[in-house]
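Visitor: I would like to learn how to read a structure like this one, beginning with the ligand. Please take me through it step by step.

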Amino acid sequence: QKVTSRRRFDGTGRTADGTRVELLANVADPAGAQAAIEASAEGVGLFRTEFCFLGRSAEPGMSEQVAAYRQVLSAFPGRKVVVRTLDAGADKPLPFVTSDGEPNPALGVRGLRTASSRPGVLDRQLQAIARAAEAENAEVWVMAPMVSTAEETAEFVAACARHGLDTAGVMIEVPAAALRSSAVFAHAAFGSLGTNDLIQYTMAADRVLGELAALSSPWQPAVLELVRTTCRGAAEHDRPVGVCGEAAADATLAPVLVGLGVRSLSMTPRALADVAAVLGRVSDAECVELAELALGQDDPIAARQAVRDRIRPVL
Ligand code: PEP
Ligand code: MG
């Protein structure tokens, strides 16, 4: 029987061979930052900035934005914090950027796409992030949500550079970006797989519908293939790829993701100890074998079962 509460994460994620796998936290506010610190997260792999301003009808001003970002950054002196620009739309409505009445909001003007309809909002947010980064000494990486093409990536990276934000990357959560990974990573400094949306768009299954839970699994062979394709394209440019979707919190899946080429996992703080414990007991070669084992199965249930059976002693 697994006793989660007895496990502690020592603050350095690694495989049994000592290969580093950064274990980071997903954070939306200062309370989340505190939970991340208490769980010994190495840093923040996803700061969901839109949660600071959910439901607002007016754009938050510069000083409010700077203050909100500083509150989170200040908890991680000298540590990496991946700040995601506003992921507005669909399940995260921000009335000051998104428009009502789109027939398919999940496929609409959302995430980075709002940069075309409301260019000033992104520009001011990047300015606020840059000011917050200057005031705190966290290592700030900036990341765009809902990126589909290499062209969008290049434009985002250029916009970040105009604000002196040099480590700019993208979320890989649209299958097109995964399939064209090499072209995307010709521009992006890093990538983070948003498996919640990557699954939704790959399986054409609304992420909020419980009825579609069987389809909405990170163990789907099609999803695992896209993770591998993403990592291969990134490796061509020597760019790191992480996972920041819910899948990163699945301790059984963690060695599979590492075997596919993922180098950091960002999750809810309470999952860190279990994920760290499993990874620390699986070698690099075993991670690769587990990835092959999972990819060799015909369906998600078989894939999960096969991996569970193989690593049962360390779970
Ligand atoms: C994701 O899509 O997996 C993700 C991490 O972003 P969000 O859940 O905020 O859309
Ligand atoms: Mg997403």
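Guide: This is a predicted model, in which local features need pLDDT of at least 70, side-chain atom pairs count only at pLDDT 80 or more, and totals for chains, interfaces and linings use all residues. Residues are numbered from 1 along each chain as its sequence is written, while chains are lettered from A and ligands numbered from 1 in the order in which they are written.

Visitor: Which element gives the most to the shell around ligand 1?

Guide: Helices (H or I, at least four residues) and strands (E, at least two) are DSSP runs, numbered from the N terminus; here H8 gives the most, with three residues.

Visitor: Which residues are around ligand 1?

Guide: A residue is near a molecule if its C-beta atom, placed from the backbone, lies within 6 Å of it; the residues around ligand 1 include Arg 48, Asp 87, Glu 173, Asn 196 and Cys 244. Strand E2 (44-48) and helix H8 (195-203) are the elements that give two or more residues to this shell.

Visitor: What is the secondary structure of the whole protein chain?

Guide: The protein chain comes to 13 helices and eight strands, and its C-alpha trace spans about 55 × 40 × 35 Å along its principal axes.

Visitor: How confident is the predictor in each residue?

Guide: That confidence is pLDDT, which runs from 0 to 100, and where pLDDT is low, the predicted coordinates should not be read in detail. In this protein chain the average is 96, and 98% of the residues score at least 70, while the model scores ipTM 0.99 and pTM 0.96.
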